[in-house]
Amino acid sequence: MMGPRRMRPGIWLAVPAITLVVMFYVIPNVLNFVLSFTDWSSRRPNPQFIGTDRFEELLGDEDVWNALWTTLRFAIIVMVIENIVALSLALGLEKSSRFNTGMRTVFFLPVLISPLAAGYVFLGILQTQGALNGILGGFTALVDLPVPRIEWLADSTWTLVLIACIHGWKYGGIHMLIYIAGLKAIPHEVIEAARIDGAGRWDTIRRVKMPLLAPAFTFNIALTLVGALSIFDIIIATTRGGPGRATEVLNMVVFQVFGSGRFSYATAVSLVLFVVILLVAFPLIWFLRRREVVL
Amino acid sequence: MSLVVGRSRKPIDRAELARKATLIVFALMAVGIPVWLVLVNSVKPLGEANQLGLGLPQEWSGLDNYSTVFEDGKVLPGLRNTILIAIPTVSIVLVLGGLAAWVFARSRRRSTSLLYYLCITGVLIPPAIVASVQVLRTLGVQGTHPGIVLFYSGAWMAFCIFLTTGFIKTIPIELEEAARLDGAGSLTIFRRIIFPLMLPINIAAGFILLLFVWNDLLYAFFMLSGKDNRTLILGLYNVVSGYQFQIRWNLVFADVVIVSIPLVICFMLAQRRIVGGLLGSGTDK
């Protein structure tokens, strides 16, 4: 009397995991939305509904709009830099030789270091009296010039790019691995066929590997965007939002607003980030679904 | 014939040489210099370290620096707290996530696949911090280790289920069918067959989870209160933000080394399995 259904594990085995996800992930995300319609703060610990006041406050809050704009720009810069570097490394380290495996480990090393620690390390490098100016000083000394005193983290435009580079340093190794996995998934015959047809090294990369890497591209682009949108640690360690407000991202604002006791307003600000991430993530979920079908 | 071979081989070798040289130079600049900067300055006395040079120390003060950090950065209690949070989180997520992933991998029902999508949403959409604090407060565990373990488990379950479901699909279903015909229950099959076979992916997933917990600052900021509950990373943050005017770089770098070393050792021990596990199920078909 064994039906095929009894051959499979019962759904009850998934209940503990689903419960945890619902309790500590789904409910908070819903509650976040609800709380933004209340007056919850350090002075009013028992939230009362006050309607859309917090959102009206949000619309007029220049700091939030500035942070949103900064966060978006940052995410796009990170996405471009990180994917170019990760893809180049993956193409360079595609084959599994001894040299390549060793190199992969080296480029994966920063992934292990906490983003806060990585931020401090690069603060030491990019400070005006830091290591980078010191190294440059070694070169300027050759032509009898003094050690340069470039203020790397004081420029209102380029500081954001430098922080994006730190982000790339910290997380590039993960994306390199994803690209390598994608390259390994390309059937060898396809590359061989292209070579027989007379395609050179560059042509093979551009015309054959790139299109077949589409899944890895989508995955990496979405992951870098989403990761960069929620950046916090590296900025806390380096600029704390400065110079001025040039690197103040949404999570910094949420943190500050929460710290000042305006809890419900903090949830409203975090909703802005939530919506932005949703707009990026949905196309990806759709893509992953399609991948499931292929599986 | 030999002429042709000779011609076609040389440029390939030269390209190969150029590739290796480029990679080595890039690795030295991108990884070598920062790592060296941290290591060498962590053993210099304050004045020398604050020049942030790359040269060898003229005077060694490694022992001094590291023992100061152990005191000021509260390294031992921090390590204890980090481990007390990391081990339960990683165990809960791997075991409960593995069970759920097994169900999702074997089910063909629509309703189950909807639950699967609900469970993996967290891969992309981050948790709502402020409201999570409120949930933990309602349960009476805000600020405590059990509280943040529950939060981490709920938030990172998605990652584990996403990574392991695809892997379980590659395990032949016949194995468990045979066990079932022998009268084994689901939990026994999971414990004796599925979970052991998941070892390669669980090493990779477990290590990444460990990374998340070990290195987290943002959530720990919100969800751990009191000096006694601080993790290693919170300790590092407090050491550095304690310097009002001048950062003491020798101590900061010593703390960075201390905080990073355990993970680097873990990674070195299981490196091939971690990278292999990630490569096997990242995005390949």
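## Local backbone, packing and contacts

Tutor: This is a predicted model. R240(A) has 11 other C-beta atoms within 10 Å, so R240(A) is exposed.

Student: Where is R240(A) found, and what is its phi near?

Tutor: R240(A) is found in the loop between α11 and α12 of chain A. Most residues other than glycine have a negative phi. R240(A) is a residue other than glycine with a positive value, and its phi is near 55°.

Student: Is D144(A) buried or exposed?

Tutor: D144(A) lies in the loop between α6 and α7 of chain A. Its phi is positive at about 60°, although D144(A) is not a glycine. D144(A) has 6 C-beta neighbours inside 10 Å, so D144(A) counts as exposed.

Student: What is omega near for the peptide bond from G242(A) to P243(A)?

Tutor: P243(A) is placed in the loop between α11 (233-237) and α12 of chain A. Most peptide bonds are trans. The bond from G242(A) to P243(A) is cis, with omega near -5°.

Student: How many helices and how many strands does chain A have?

Tutor: Read along the sequence, the pattern of chain A is α-α-α-α-α-α-α-α-α-α-α-α-α. The secondary structure of chain A therefore comes to 13 helices and 0 strands, where helices are DSSP runs of H or I with at least four residues.

Student: What radius of gyration does chain A have?

Tutor: The C-alpha trace of chain A spans about 90 × 70 × 30 Å along its principal axes. A compact globule of 295 residues would have a radius of gyration near 19 Å, but the value for chain A is 24 Å.

Student: Among contacts in chain A between residues at least 6 apart in sequence, what percentage join residues at least 24 apart?

Tutor: Of the 295 residues in chain A, 43% are buried. Among the contacts in chain A between residues at least 6 apart in sequence, the share joining residues at least 24 apart is 70%.

Student: Why is α3(A) oblique to α7(A)?

Tutor: Helix α3 (residues 62-92) of chain A and helix α7 (residues 158-184) of chain A have axes that come within 6 Å and cross at roughly 45°. That angle makes α3(A) oblique to α7(A). Angles under 35 degrees would count as roughly parallel and 65 to 115 as roughly perpendicular, so what remains for this pair is the class oblique.

Student: What is the handedness of the crossing in which α3(A) passes α7(A), and which classes of residue make up the contact?

Tutor: α3(A) passes α7(A) in a right-handed crossing. By class, the residues in the contact of α3(A) with α7(A) are 18 nonpolar, 6 polar and 2 charged.

Student: Which helix gives the most to the side of chain A that touches chain B?

Tutor: In the contact between the chains, 72 residues of chain A meet 74 residues of chain B. The helices of chain A that each supply at least two residues to this side include α1 (15-35), α4 (98-112) and α13 (263-294). By class, this side of chain A has 53 nonpolar, 15 polar and 4 charged residues. With 14 residues, the helix that gives the most is α1(A).

Student: What radius of gyration does chain B have?

Tutor: Chain B has 13 helices and 0 strands. Its C-alpha atoms fill a box of roughly 80 × 75 × 30 Å, taken along the principal axes. A compact globule of 285 residues would come near 19 Å, but the radius of gyration of chain B is 24 Å.

Student: How many nonpolar, polar and charged residues are in the contact of α4(B) with α10(B)?

Tutor: Helix α4 (residues 75-106) of chain B and helix α10 (residues 199-215) of chain B pack at about 140°, with their axes 9 Å apart. α4(B) passes α10(B) in a right-handed crossing. The residues that meet include I85(B) and V93(B) in α4(B), and L209(B) and W214(B) in α10(B). By class, the contact has 10 nonpolar, 4 polar and no charged residues.

Technical notes. Residues are numbered from 1 along each chain as its sequence is written. Chains are lettered from A and ligands numbered from 1 in the order in which they are written. This is a predicted model: local features need pLDDT of at least 70, side-chain atom pairs count only at pLDDT 80 or more; totals for chains, interfaces and linings use all residues. Axes are lines fitted to C-alpha atoms, for helices over the stretch in contact, and angles run from 0 to 180 degrees between N-to-C directions. Angles under 35 degrees count as roughly parallel, over 145 as roughly antiparallel, 65 to 115 as roughly perpendicular and the rest as oblique. A crossing is left-handed if the near helix is turned anticlockwise from the far one by less than a right angle, and right-handed if clockwise. Ala, Val, Leu, Ile, Met, Phe, Trp, Tyr, Cys and Pro count as nonpolar, Asp, Glu, Lys and Arg as charged, and the others, Gly among them, as polar. Two residues are in contact if their C-beta atoms, placed from the backbone, lie within 7 Å. The radius of gyration is taken over C-alpha atoms; the globule rule is 2.2 Å times the number of residues to the power 0.38. A residue is buried if 20 or more other C-beta atoms lie within 10 Å of its own, exposed if 12 or fewer, and partly exposed in between; C-beta atoms are placed from the backbone.
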